[in-house]
Amino acid sequence: MQMPIDQFAISGRVISCCPHGDGHINETYYAACEAGAGYILQKINTAVFRDPAALMENVAAVTEYMARRTADPRRCLHLIPTRDGRSFYTDPAGGCWRVYAFVPGSLCLQSAETPELFYESGVAFGAFQRALADFPAQTLHETIPNFHNTPDRYRQLHLALAADVRGRAGECREEIDFALAREPEASALVDALARGELPLRVTHNDTKLNNVLIDAKTRRALCVIDLDTVMPGLSAYDFGDSIRFGASTVAEDEHELSKVALSLPLYETYICGFLAGCAGQLTDGEIRALPLGAKLMTLECGVRFLTDYLNGDTYFRIHREKHNLDRCRTQLRLVRDMEGKWEQMRAIAEGFCRIH
């Protein structure tokens, strides 16, 4: 396949271009140029992101805004424009491509090998909140509409239950009942936003450690990457997704549910890092909403896995029979464990509020 790297305003002649990273959505390549310059070339998956122009408007606006506010170029991504000044290139077959400057001396890890690295991921996503605290979030496009609209995820679950296209509802009645019993609280965050109790923020919406660049020498966070899902949202969304994934004692698809639990030490480690990165930008109301973000993002993800299982596994990639049901069960068991530790979760967050 011909790589369109020469369509971008890069420095020097390309000497190699090869696949890079472990991403599952976009195609990613590393292009090495003469004199040591490096670039990340990506082909945007337009089956997932159907409006690449809107997506790239978001990415360009956010990266330019952050670049103007940091003296260290490694603290944010830098888009390389096309030779005619555009943020992306459309090839003759309709493929959409973009280029970032490679961040030198950085590495990307797939999991938090130590609590210190989990803390650093919290710092990175908190710093992202801080850097964009004054950005007009309402001007951003929703690259995936209703992505963290938990009531809408329940609407989709009800549709899947009514259709039951694969006849699977009968075998997961316990999971369905558990999810539906918690539907009344699904709107808590969106209702708080509507009442003006929580401010609209720029959110990343995919806050895993592998979306953080780490300094290869110091193992300290540099910046966040994968900005395709940057949208208007709530700080509790980004915090909650990190906890769901990073503070669980097991993998997302663990078979043995007795092993599933929330690690309170990791929860506290992350909240310390996240709020250190935010550096005072969150309101007390937002801090108090963080535990709810953890619970609702976990519940929402469980509902999404359950919905996809009922629909015949049409969205999430599976690697074995009942994979999505296993994922659903793990998320819902994690919700149950959070409920058992709710007062401790709230107390930890409360301890960071300025006004008690």
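**Exercise 1.** How many salt bridges does the structure hold, and which parts of the chain does the one between Glu34 and Arg13 link?

*Solution.* Start with the rule: a side-chain nitrogen of Lys or Arg has to lie within 4 Å of a carboxyl oxygen of Asp or Glu. The structure holds 24 such salt bridges. Keep in mind that this is a predicted model, where local features need pLDDT of at least 70, side-chain atom pairs count only at pLDDT 80 or more, and totals for chains, interfaces and linings use all residues. Residues are numbered from 1 along each chain as its sequence is written, and side-chain values use heavy atoms, with hydrogens and water left out.

Now take the pair: the side chains of Glu34 and Arg13 meet at 3.1 Å, N to O. Glu34 sits in the loop between strands S2 (27-33) and S3 (38-43), while Arg13 is in the segment before strand S1 (14-19), so distant parts of the chain, 21 residues apart, are linked (strands are DSSP runs of E, at least two residues, and helices are runs of H or I, at least four, numbered from the N terminus).

**Exercise 2.** Which residues of H6 meet H7?

*Solution.* First find the helices: H6 covers residues 235-246 and H7 covers 264-278. Next, look for contacts, meaning heavy atoms within 4.5 Å. From H6, Ser235, Phe239, Ser242, Ile243 and Gly246 meet Leu266, Tyr267, Tyr270, Ile271 and Phe274 of H7. Finally, sort them by class: seven are nonpolar, three polar and none charged (Ala, Val, Leu, Ile, Met, Phe, Trp, Tyr, Cys and Pro count as nonpolar, Asp, Glu, Lys and Arg as charged, and the others, Gly among them, as polar).

Definitions and conventions:
Axes fitted to C-alpha atoms, helices over the stretch in contact; angles between N-to-C directions.
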